Amino acid sequence: MQFQVGDILSVPLFAHTRHFFVFIGDGKVIEWGPSDGISWMGSHGRVAKKELVKMGLEYKWLARNGDLKEITLEKRTGVSKDLMFKRIEQITKEIDYHLGHCNCEHFAYYVTGNKPHFYQSIWHLFTDHNPFTSQPMINNYKQLRDELLRCKFCGTVSLSREDFDQSIFVSVLNDGYYVYHLNHQLGGQNLYITTVPKSEDFDSSYISIVLAYFGAFIGRGEIFRIIRQLRGC
């Protein structure tokens, strides 16, 4: 099969999992994975180019162990190479790779989604911008505090400047509070609510934290649910 620019492709990994990537022409693809090449969650993700192996009229994927794997066409998007690289430029630095909620498949659909609202459930994974068309379900500090207090596996967290420094902007509430999220290496989640945005003054933002909550590994789904309610997806 002849691949076209913008094609979402995949190869089998282990069990029933697959690795997804996007064809950009001239026998090359772009992919998303952990920066250290092995971590399945918590490691910073990175975008990389890879050259396929051409055998006759077909391309093969060269695996780490030297095996050549058959490539499957998952979706033909027709998106331009320029638009894909514009999407990549929008990706927030130091986004964590996570097998469950920020993986190679999410990336493939993100960079080829020329109509964002079709993929609004994954758009927020790679950028601080909020392109959603639906309305957030949590709009102010009281609603957010009450939602956190209802969480079964969440609780208050001790403040750490390093953790707060690495947290990523989620949203600004109607009453002027700013919400930030941190994805820990071992799966835990932190949510910070401040009165001053980090972009304006980090020190003042750290001092202005009025609520800091965490979800342990078993409770991270509750934090993610709240983030979706904050962003309107």
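Val 11 is buried in this predicted model, because its relative accessibility is 0% and a residue counts as buried when its relative accessible area is under 20%. Val 11 belongs to strand β1, which spans residues 7-12.

Which residues does Val 11 touch, leaving aside those up to four places away in sequence? They are Arg 18, His 19, Phe 21, Trp 61, Lys 69, Glu 70 and Ile 71.

The structure holds eight of them. Glu 70 is linked with Glu 58 and Lys 60 in a network of salt bridges. Within this group, Glu 58 pairs with Lys 60, and their closest N and O atoms are 3.9 Å apart. Are these two partners buried or exposed? Glu 58 is partly exposed, with a relative accessible area of 37%, whereas Lys 60 is buried, at 11%.

Let us turn now to helix α4, which covers residues 141-149. Lys 142 and Asp 146 both lie in this helix, four residues apart, or about one turn. They form a salt bridge whose closest N and O atoms are 2.8 Å apart. Asp 146 also forms a salt bridge with Arg 145, and there the corresponding separation is 3.6 Å. Asp 146 counts as partly exposed, at 22% relative accessibility. Arg 145 is likewise partly exposed, at 32%.

Methods. Residues are numbered from 1 along each chain as its sequence is written. This is a predicted model: local features need pLDDT of at least 70, side-chain atom pairs count only at pLDDT 80 or more; totals for chains, interfaces and linings use all residues. Side-chain values use heavy atoms; hydrogens and water are left out. Helices (H or I, at least four residues) and strands (E, at least two) are DSSP runs, numbered from the N terminus. Buried means under 20% relative accessible area, exposed over 50%, partly exposed in between (1.4 Å probe, protein chains only). Contact means heavy atoms within 4.5 Å. A salt bridge is a side-chain nitrogen of Lys or Arg within 4 Å of a carboxyl oxygen of Asp or Glu.
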